[in-house]
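Visitor: I have a model open and would like to go through a few of its residues. Please show it first.

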Amino acid sequence: MNRTDKAELASSLKDKFLKAQVALFADYKGLESNQANELRRALRTHKVEVKVLKNNVARLVSKDGALGSEAKDLMDSVVGPTLVAFAYGDPAAAAKVFHKFAKDNEALTIKDGLMGARRLSAGEVGQLADLPSREVLLAKMLGTLNAPAANFVGVLAAVPRSLVTVLSAIEKKKSEA
């Protein structure tokens with residue numbers, strides 16, 4: 001690959017890093033081609049694009065510092081065959097698929113991640129994978145927003161309920177007497 005091709009590739013990869021919600025890095029040495037295709041298929045359903053990152057191109061991507069200092073440090077530390085998954089949708093969903101695949105296939109080892117300009121360690125990628133899905137988080141938030149109104153309605157309903165209970169107790173006492 002000549003210098004201009006590397007520069008064009010680096011430019012397109014920089015755009016992918018800037019557009020992606022999260023970029024996950026993994027060592028894929030020993031991964032068979034059918035396993036790699038299975039991973040790509042699983043990730044594609046979550047709006048994730050998988051690319052192989054060459055060491056020299058990684059250094060070119062972060063050369064101008066547009067991605068930030070943590071990204072530059074990460075790109076400078078890229079050694080060996082590296083697979084990068086660019087998640088354009090839900091970052092937690094992409095991390096879940098990536099993390100599960102790494103558990104099932106020992107050949108894939110999660111290295112690091114990049115969320116915006118922040119570097120994520122392999123442990124933090126695991127924590128991201130443990131997060132509930134976007135829909136579950138939205139449901140929890142809506143439940144939290146709905147709780148005060150539901151409690152208020154419950155308090156308002158308690159007054160007539162108490163009155164009815166007292167009246168039925170009085171009626172029962174009069175019927176016994």
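Visitor: Which residues form a nonpolar patch on the surface, and with about how much accessible area together?

Guide: This is a predicted model, in which local features need pLDDT of at least 70, side-chain atom pairs count only at pLDDT 80 or more, and totals for chains, interfaces and linings use all residues. Residues are numbered from 1 along each chain as its sequence is written, and side-chain values use heavy atoms, with hydrogens and water left out. A patch takes residues with over 30% relative accessible area and no salt bridge, joining nonpolar side chains (Val, Leu, Ile, Met, Phe, Trp, Tyr) within 5 Å and like charges within 9 Å; a salt bridge is a Lys or Arg side-chain nitrogen within 4 Å of an Asp or Glu carboxyl oxygen, and areas come from the Shrake-Rupley method with a 1.4 Å probe, only the protein chains shown counting as cover for residues. The patch consists of L138, M141, L142 and L145, together about 390 Å².

Visitor: Is L145 buried or exposed?

Guide: Buried means under 20% relative accessible area, exposed over 50%, and partly exposed in between (1.4 Å probe, protein chains only). L145 has a relative accessible area of 58%, so L145 is exposed.

Visitor: Which helix holds L145?

Guide: Helices (H or I, at least four residues) and strands (E, at least two) are DSSP runs numbered from the N terminus. The one with L145 covers residues 134-176 and is α7.

Visitor: Where in α7 does a kink lie?

Guide: The bend at a residue is the angle between axes fitted to the seven residues ending there and the seven starting there. In α7 a kink of about 35 degrees comes shortly before the proline P148, at N146.

Visitor: Is S62 buried or exposed?

Guide: S62 sits in the loop between α3 (55-61) and α4 (69-76). Its relative accessible area is 1%, so S62 counts as buried.

Visitor: Which residues does S62 touch, not counting those up to four places away in sequence?

Guide: Contact means heavy atoms within 4.5 Å. With residues up to four places away in sequence not counted, S62 touches A71, K72, M75 and D76.

Visitor: With which residues is G80 in contact, leaving aside neighbours within four places in sequence?

Guide: G80 is in the loop between α4 and β3 (82-87). Apart from neighbours within four places in sequence, its contacts are N55 and K111.
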